[in-house]
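We will walk through it stop by stop, picking a few residues each time.

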Amino acid sequence: MPALSLVALVSLVSTVFAKQLVVHPPQQQHQHWAPICSGNPTNRIRGCDKYGCGHFGADRHSGKGKHGGVDVICADGAVVYAPFSGQLSGPIRFFHNGNAIDDGVQITGQGYCVKLVCIHPIRYHGQIQRGQQLGRMLPMQKVFPGIISHIHVENCDHSDPTHLLTPVVPPMPQQDTRWATLCSGNPTNEIRGCDRYGCGYFGAPRTNGKGKHRGVDVICSDGATVYAPFDGQLSGPIKFFHNGNAIDDGVQIQGAGFCVKLVCIHPIRYSGRISKGQILGRMLPMQRVFPGITSHIHVENCDRSDPTRYLERGKGQKV
């Protein structure tokens with residue numbers, strides 16, 4: 001091939017390749033999106049609760065539909081950030097009914113297009129940079145009480161965004177990833193053993209062997225001070241027994257990637273923010289209802305998963 005023709009061919013290929021890069025930009029600098037919600041640095045996805053599950057493709061509408069997005073856990077009122085740099089457009093009305101969470105925005109850029117729903121953006125148009133504040137999480141608990149509050153993240157082409165939400169390298173762990181002490185007098189969050197009423201570990205038999213314990217019972221003396229296990233948003237009250245007895249009270253805390261119900265306590269308040277280790281309330285008089293039981297706080301994850309590993313604070317260490 002003549003040298004001139006070869007140069008022309010190389011030039012043509014280079015020009016075509018350059019144009020392809022403009023149309024289909026490589027997902028080069030950040031193959032994974034930035035954290036979307038404050039308090040959830042790993043973009044942890046909602047598990048399952050009474051309203052359904054948060055993973056892509058989960059059943060919807062009694063099995064007649066599939067979840068077309070992913071639900072990233074986010075406490076009501078939390079700051080929301082842009083997952084990548086791009087152009088904003090909106091608003092996005094997902095529910096089309098004007099309820100308290102019927103708002104959102106679309107971001108297009110860097111080869112991506114995504115809709116973030118159940119948030120109120122600071123604006124609906126213009127450019128935004130990766131990690132820049134995008135808006136705030138809307139009050140999902142007002143619409144779906146007890147749900148694991150979350151941002152609905154949906155790719156514009158309805159593909160699965162899960163792999164883009166998971167960091168390549170997890171963030172460095174905090175100094176103590178376990179929950180704080182729940183009850184004064186029990187610095188290691190010791191779990192109730194077995195007594196004539198049953199056992200306190202997760203999955204213990206209940207109702208004559210026909211059910212399973214869906215929480216963990218942390219030992220706590222009647223009247224003892226109760227503390228918040230992590231930073232979060234309070235909601236409640238939680239009426240576990242639904243009979244108004246002396247211990248039928250409690251509260252839910254959601255934040256830092258967790259959602260937990262603490263039952264058989266009386267909180268100082270049922271709403272607002274609370275910090276890890278801050279006084280949450282007091283243990284109720286369990287001996288009045290179950291004489292001789294090992295008094296305890298019932299601790300139950302909102303998605304009914306086992307919270308034991310978060311409660312083992314200082315296990316095996318001298319106190």
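A word to settle before the first stop: a residue is buried when its relative accessible area is under 20%, exposed when over 50%, and partly exposed in between, using a 1.4 Å probe and protein chains only. What you see is a predicted model, in which local features need pLDDT of at least 70 and side-chain atom pairs count only at pLDDT 80 or more, while totals for chains, interfaces and linings use all residues. Residues are numbered from 1 along each chain as its sequence is written, and side-chain values use heavy atoms, with hydrogens and water left out.

Stop 1: Select C113 and C156, which form a disulfide (a pair of cysteine sulfur atoms within 2.5 Å) with their sulfur atoms 2.0 Å apart. The torsion about this S-S bond is about -65°, so the link is left-handed. C156 is partly exposed at 25% relative accessibility, and C113 is partly exposed too, at 22%.

**Stop 2: two buried links.** Now select C37 and C74, whose sulfur atoms sit 2.1 Å apart in a disulfide. Their link is right-handed, with 75° about the S-S bond. C37 is buried at 2% relative accessibility, and C74 is buried at 1%. Next, pick C183 and C220, joined by a disulfide at 2.0 Å from S to S. The torsion there is about 75°, so this disulfide is right-handed. C183 is buried at 1%, as is C220 at 2%. How many disulfides does the count come to? It comes to six.

**Stop 3: the largest core.** Select W33, V80, I107, L116, L134, I151 and V153: these have the most contacts inside the largest nonpolar core, which has 32 residues. Such a core is a set of buried Ala, Val, Leu, Ile, Met, Phe, Trp, Tyr and Cys residues joined through side-chain atoms within 4.5 Å. Its largest share, four residues, comes from β9; strands here are DSSP runs (E, at least two residues), and helices are runs of H or I of at least four, numbered from the N terminus. Zoom in on V153, which touches residues including W33, I36 and P161, where contact means heavy atoms within 4.5 Å.

**Stop 4: an open sheet.** Finish with six strands in the order β18-β26-β22-β21-β20-β24, paired antiparallel; strands pair if DSSP finds at least two bridges between them. The edge strands are β18 (216-219) and β24 (272-274). Inside the sheet, three bridges join β20 (residues 232-235) to β21 (residues 250-255). Highlight S235 and its bridge partner in β21, Q252.

Key. Lists of a residue's contacts leave out its neighbours within four places in sequence.
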